[in-house]
Amino acid sequence: MPLTVTDVAPPANGDPTAQGIFFLLVALSVGSYGSVAAIGAAGTGLRIGGRALVGAATSLAVSIIGITVAGRLFHVVDHDYAAIWALSWLYCVGIVLVGIGVHTFLKRWTTLVLMILFVMLNFTTSGGIYRPELQSGFFGALHSFWNGAGFVEGARSLLYFDGGAGLDGRLVSLFLWLAAGAALLVAAGRHEKRRSPIVAQADPASVRQKAEEEMAEAVGV
């Protein structure tokens, strides 16, 4: 018997396959974890709070670019622009804050860890290409709370079902990732504060050399 597919909600005119949201997810993810590397390299002289503010502003820019390209250029999003943008920013700022917090502890390994979290695991479990029912139990289970799935399913709920297809649960998952990022920032701030008296006692040449090493580690050199 041939497979028959019935669309219960029409996709956007610019997104006949209904997979455009997944590619928006890819763009937001790359822009977000790429921003962490730039902030780590350029923000070595800033306290953790200052880096967090820069990260929030950067994630805002990434989300605005994302919704503009997806909505106005490719017409993947054809309504609820403000809601999809807000969801995009929530997703981006969660990644950026997690990355800034992790960078304090992992330095040059930060980009690798972020790629594992927000590319390898994220794209696979998002449900953007394959539904969790068609994936292994591990990836299908991650779909229930991973942030990429939160964005994709939340956006689909807004675009196709007026927020009536599990949007609340997806928002909770994205806010939990944001809370995880905030907790990492607090831990990173305490760690840096404990290190600061040691740095203050060092001679200027060693301080300068340490700053140069951290900048090289941030960009993965």
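Biologist: What is the average pLDDT of the protein chain?

Modeller: The average is 87, and 88% of the residues score at least 70. pLDDT is the predictor's confidence in each residue, from 0 to 100.

Biologist: Where is confidence lowest, and where is it highest?

Modeller: Helix 8 (residues 204-218) is lowest, with a mean of 55. Helix 3 (residues 81-106) is highest, at 95. Helices here are DSSP runs of H or I, at least four residues long, numbered from the N terminus. Where pLDDT is low, the predicted coordinates should not be read in detail.

Biologist: Switching topic. How many salt bridges does the structure hold?

Modeller: Four. A salt bridge is a side-chain nitrogen of Lys or Arg within 4 Å of a carboxyl oxygen of Asp or Glu. One of them joins Arg-51 and Glu-192, with the closest N and O atoms 2.5 Å apart.

Biologist: Which helices does that pair link?

Modeller: Arg-51 is in helix 2 (residues 48-73) and Glu-192 is in helix 7 (residues 167-201). They are 141 residues apart, so distant parts of the chain are linked.

Biologist: Is Arg-51 buried or exposed?

Modeller: Buried, at 8% relative accessibility. Glu-192 is partly exposed, at 22%. Buried means under 20% relative accessible area, exposed means over 50%, and partly exposed is in between (1.4 Å probe, protein chains only).

Biologist: Which residues are linked in a network of salt bridges?

Modeller: Arg-131, Glu-133, Glu-153 and Arg-156. Arg-131 meets Glu-133 at 3.6 Å, N to O. Arg-131 also meets Glu-153, at 2.5 Å. Arg-131 sits in the loop between helix 4 (110-125) and helix 5 (137-142), and Glu-153 sits in helix 6 (residues 147-161), so this pair ties together parts 22 residues apart in sequence.

Biologist: How accessible are those three?

Modeller: Arg-131 is partly exposed, at 35%. Glu-133 is exposed, at 60%. Glu-153 is buried, at 12%.

Biologist: How many residues of helix 6 are buried?

Modeller: 14 of the 15, so helix 6 is largely enclosed by the rest of the structure. Just after helix 6, Asp-162 takes a positive phi of about 55 degrees.

Biologist: Now the second largest pocket. Which residues lie nearest its centre?

Modeller: Asp-7, Thr-17, Ala-18, Arg-131 and Arg-156, out of 20 lining residues. The lining divides into eleven nonpolar, five polar and four charged. Here Ala, Val, Leu, Ile, Met, Phe, Trp, Tyr, Cys and Pro count as nonpolar, Asp, Glu, Lys and Arg as charged, and the others, Gly among them, as polar.

Biologist: What counts as a pocket?

Modeller: On a 1 Å grid over the protein atoms alone, a pocket is an open set of points where a 1.4 Å probe fits, with protein on both sides within 12 Å along at least five of seven lines. Lining residues have an atom within 4 Å of a point.

Biologist: And what is the phi of Ala-18?

Modeller: Positive, about 60 degrees, although Ala-18 is not a glycine. Ala-18 is in the segment before helix 1 (20-42), and is partly exposed, at 25%.

Conventions:
Residues numbered from 1 in each chain as written. Predicted model: local features only at pLDDT ≥ 70, side-chain atom pairs only at ≥ 80, totals over all residues. Heavy atoms only, no water. Helix = DSSP H or I, 4+ residues; strand = E, 2+ residues; numbered from the N terminus.
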